[in-house]
There are 2 protein chains.
Amino acid sequence: MSSPAPVDFYFEFSSPYGYIASQLADGFERGIGRPLAWRPILLGPVFKMTGTAPLVSIPLKGDYAKRDFVRTAKMHGVPFRAPDVFPINTVAAARAFYWAHDQQPAKARELAKALYRAYFTENRDITPPATVVEIARSVGLDGAALATALEDPALKERTKREVDAAIAHGVFGSPFFVIDGEPFWGVDRMPMAQRWVKTGGW
Amino acid sequence: MSSPAPVDFYFEFSSPYGYIASQLADGFERGIGRPLAWRPILLGPVFKMTGTAPLVSIPLKGDYAKRDFVRTAKMHGVPFRAPDVFPINTVAAARAFYWAHDQQPAKARELAKALYRAYFTENRDITPPATVVEIARSVGLDGAALATALEDPALKERTKREVDAAIAHGVFGSPFFVIDGEPFWGVDRMPMAQRWVKTGGW
């Protein structure tokens with residue numbers, strides 16, 4: 001029997017719902033019985049494409065979202081502290097992920113969780129490359145090598161290709177799952193996605 | 001013991017998710033143990049206020065939404081047929097609701113369900129006042145009286161006040177529930193709202 005095809009899990013490091021999904025991801029992976037391919041994206045280019053803006057900057061919706069982040073985390077038993085600086089530029093975090101991924105995929109996932117925890121539970125701004133390097137070091141990655149790689153145009157290009165591919169696949173938010181071409185957007189669609197897999201698309 | 005305070009249930013007659021919520025509303029009402037106050041709104045003025053647009057007209061999001069309407073309805077066992085003309089102007093439908101409501105609240109709810117079914121299961125465009133009047137008649141309301149009322153500036157003003165009040169309360173989508181000041185947006189937030197009521201706000 002061949003192993004089941006992976007399910008794409010797109011997320012932006014500045015997205016509270018992406019963070020919540022990352023904390024639920026291992027359980028979700030077991031639930032659907034298929035491996036998750038973690039893929040950090042940058043929502044800036046996506047918002048340009050869709051003509052929208054970060055959720056919290058939209059009148060009415062922004063205030064609503066701030067309440068909903070907190071209660072959604074609570075409902076799922078995920079620790080959450082609204083960061084003081086929000087949203088942030090997460091390009092260094094995304095690049096670090098792909099750098100780690102190309103060497104040790106399991107470590108990349110560990111790094112993603114550590115970056116998310118730093119931002120959404122410890123109130124650490126993960127924008128500066130130096131902070132990203134420090135967190136990478138804390139999970140056992142080679143900080144000096146990462147610091148060098150973050151300056152490498154090849155890694156910038158590698159990350160850009162991922163973001164472009166995500167947009168080409170119709171990804172417009174975080175978290176975003178794609179299962180055999182079927183898109184699921186949001187923490188609230190994870191149960192639906194699980195049912196979709198179990199019932200073969202109903 | 002005094003009866004429990006009502007929960008506001010805002011919806012737009014052109015909204016597929018509002019329709020799905022309307023079909024689940026009676027069960028939801030029993031689940032939370034509090035009466036629902038049905039309040040049709042018009043999303044046009046809301047979109048002006050938030051600087052957004054109808055979901056289906058947004059790049060990427062629009063295509064996603066069209067798939068999600070269908071599978072959300074299926075997941076909840078609600079019959080759904082995507083209307084050929086969509087979205088539509090539902091001002092006559094909203095006005096008819098408030099006209100019925102001021103006379104017989106229970107009938108108004110019946111009318112809302114009939115209007116929604118006509119649009120989302122029978123592919124009938126409920127924009128024309130004549131169609132709204134015909135549907136009102138089918139649930140036992142006085143069609144001639146409604147036709148006259150739909151021309152009455154007082155009813156237009158009554159409806160406008162409702163929409164303005166909804167915006168003032170932070171309503172920006174459909175369906176939208178407000179429970180003791182706590183807002184819940186979307187069919188997917190109905191289980192969260194129910195838990196909110198049961199646990200007293202957790």
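Me: Which residue of chain B comes closest to the rotation axis?
Reply: D188(B), with its C-alpha at 3.2 Å from the axis. Keep in mind that this is a predicted model.

Me: What rotation superposes chain B on chain A?
Reply: A rotation of 180 degrees, with 0.0 Å of shift along its axis, and the RMSD is 0.0 Å. That is how a two-fold axis relates two copies. Both copies use the same surface, since 97% of the contact residues of chain B recur in chain A.

Me: Back to D188(B). What does R189(A) form with it?
Reply: A salt bridge, in which the closest N and O atoms are 2.9 Å apart.

Me: How many salt bridges does the rule find across the interface?
Reply: 8 between chain B and chain A. There are also 14 residue pairs in polar contact, counting pairs with both residues at pLDDT 80 or more.

Me: Which elements of chain B give two or more residues to the side touching chain A?
Reply: α2 (43-50), α3 (61-75), β4 (182-185) and α9 (190-199). The most come from α3(B), with 8 residues.

Me: And by class, what is on that side of chain B?
Reply: 17 nonpolar, 5 polar and 9 charged residues.

Me: New topic: area. How much do the two chains bury between them?
Reply: About 3,000 Å², with 63% of it on carbon and sulfur atoms.

Me: Which three residues supply more of chain B's share than any other three?
Reply: L60(B), Y64(B) and R71(B), which supply 22% of the area that chain B buries against chain A.

Me: How many residues does the contact take from each chain?
Reply: 31 from chain B and 30 from chain A.

Key:
Residues numbered from 1 in each chain as written. Chains lettered and ligands numbered in written order. Predicted model: local features only at pLDDT ≥ 70, side-chain atom pairs only at ≥ 80, totals over all residues. Heavy atoms only, no water. Contact = heavy atoms within 4.5 Å. Buried area = accessible area lost by both parts, 1.4 Å probe. Salt bridge = Lys/Arg side-chain N within 4 Å of Asp/Glu carboxyl O. Polar contact = N/O pair within 3.5 Å; in protein donor to acceptor, adjacent residues only side chain to side chain. Helix = DSSP H or I, 4+ residues; strand = E, 2+ residues; numbered from the N terminus. Nonpolar A, V, L, I, M, F, W, Y, C, P; charged D, E, K, R; others polar. Least-squares fit on C-alpha atoms with pLDDT ≥ 70 in both.
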